[in-house]
Amino acid sequence: MASVTASTTLAIAALMIGGCSSVGGSAVRTGSVQLPAYAGPVAIYAANKPPANAVDLGIVEVHATQQEATVDTLLPQFVRKVAEIGGNVAVVDGVRARFELVGRTQVETFYYTCGLGATCAGQRVYAANDELMLVSMFGHAFTTRVEAAVPPSSAPLMPPEESQESPAVESPSESGGM
């Protein structure tokens with residue numbers, strides 16, 4: 001797990017050095033309802049409070065580092081990811097920030113005067129650490145455009161009434177054998 005986090009952080013650091021954006025994220029469909037992308041307004045709710053008639057479509061996570069790691073940057077990305085899996089309701093479950101040290105190799109060239117007034121060049125190579133702030137926003141995508149096809153989670157899952165009946169078994173007294 002630590003190597004995955006370290007490699008993710010290194011990838012983010014490499015993108016930042018290259019001038020690319022560190023903003024990213026994912027949306028994973030976990031519900032039984034599969035909808036195409038949604039292209040309308042998305043309502044935003046906080047702390048696990050979706051509308052009563054909403055159907056869960058999946059989980060969403062977005063993240064960014066350093067200067068891009070703000071709610072102003074992450075919230076539109078979160079809403080975009082919700083709409084990508086067909087959601088019209090975004091529920092933000094939380095925002096998390098952490099700091100990670102990312103190692104890098106630093107190469108430094110220096111110049112000095114050497115014999116007979118000549119200028120010589122040298123290089124120093126050393127390890128350095130950068131501290132990166134990583135902010136994640138996570139939650140769920142819901143839709144209110146379909147009716148819930150699943151019974152409420154508080155109700156027990158029971159088979160339909162007709163399938164609960166057991167097949168008829170003759171008792172020894174009914175079959176005449178005694």
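R124 lies over the face of the F110 ring, 4.6 Å from the ring centre. This contact belongs to a predicted model, and the values below are computed from that model. The structure also holds 1 aromatic pair.

### Elements and sheet

The protein chain has 2 helices and 5 strands. Read from the N terminus on, the elements follow the order α-β-β-β-α-β-β. The chain has 178 residues, and buried residues make up 27% of them. Among contacts in the protein chain with a separation of 6 or more, 80% join residues 24 or more positions apart.

The 5 strands form an open sheet with mixed pairing, in the order β1-β3-β5-β4-β2. β1 (24-29) and β2 (43-46) stand at the edges of the sheet, and each has a single partner strand, so one side of each is left without a neighbour in the sheet. On average, neighbouring strands of this sheet are turned by 30° against each other, direction ignored.

With β3, β5 pairs in the antiparallel sense over 10 bridges. With β4, β5 also runs antiparallel, and 25 bridges join the two.

| Residue | Bridge partner in β5 |
|---|---|
| V55 | T143 |
| V62 | M137 |
| V107 | V125 |

Helix α2 lies across β1, β2, β3, β4 and β5, and α2 runs at about 55° to β5.

### The nonpolar core

In soluble globular proteins, nonpolar side chains tend to be buried together. In this model, the largest nonpolar core has 20 residues. The members that touch the most other members are V42, L57, L74, F78, V82, M137 and A141. At least two residues of this core come from each of β3, α2, β4 and β5.

Leaving out residues up to four places away in sequence, L74 touches V62, H63, A64, V135 and M137. Two residues in that list, V62 and M137, are also bridge partners, with M137 in β5.

What is the relative accessible area of S136, and is S136 buried or exposed? S136 has a relative accessible area of 11%, and because buried means under 20%, S136 counts as buried. The place of S136 is in strand β5. Not counting residues up to four places away in sequence, S136 touches E61, V62, H63, G94, V95 and R96. V62 and H63 are also among the residues that L74 touches.

I59 is found in strand β3. The relative accessible area of I59 is 41%, so this residue is partly exposed. With residues up to four places away in sequence left out, I59 touches S26, A27, V28, T30, G139 and H140. Among these contacts of I59, S26, A27 and V28 carry numbers that fall in β1 (24-29). I59 and V82 are 23 residues apart in sequence, and their C-alpha atoms are 8.4 Å apart in space.

Which residue in the hairpin of β4 and β5 takes a positive phi? In that hairpin, which has 3 residues between the strands, L116 has a positive phi near 60°. L116 is a residue other than glycine. The loop that holds L116 runs between β4 (89-114) and β5 (118-143). L116 has 94% relative accessibility and so counts as exposed.

Q66 is also a residue other than glycine with a positive phi, in this case near 50°. Q66 is found in the loop between β3 (55-65) and α2 (71-84). With 23% relative accessibility, Q66 counts as partly exposed.

Notes: Residues numbered from 1 in each chain as written. Predicted model: local features only at pLDDT ≥ 70, side-chain atom pairs only at ≥ 80, totals over all residues. Heavy atoms only, no water. Helix = DSSP H or I, 4+ residues; strand = E, 2+ residues; numbered from the N terminus. Buried < 20%, exposed > 50% of the residue type's maximum accessible area, 1.4 Å probe, protein only. Pairing = 2+ DSSP bridges. Axes fitted to C-alpha atoms, helices over the stretch in contact; angles between N-to-C directions. Contact = heavy atoms within 4.5 Å. Phe/Tyr/Trp six-rings, centres within 6.5 Å; stacked < 30°, edge-to-face > 60°. Lys NZ or Arg CZ within 6 Å of the ring centre and 35° of its normal. Core = buried A, V, L, I, M, F, W, Y, C linked by side-chain atoms within 4.5 Å.
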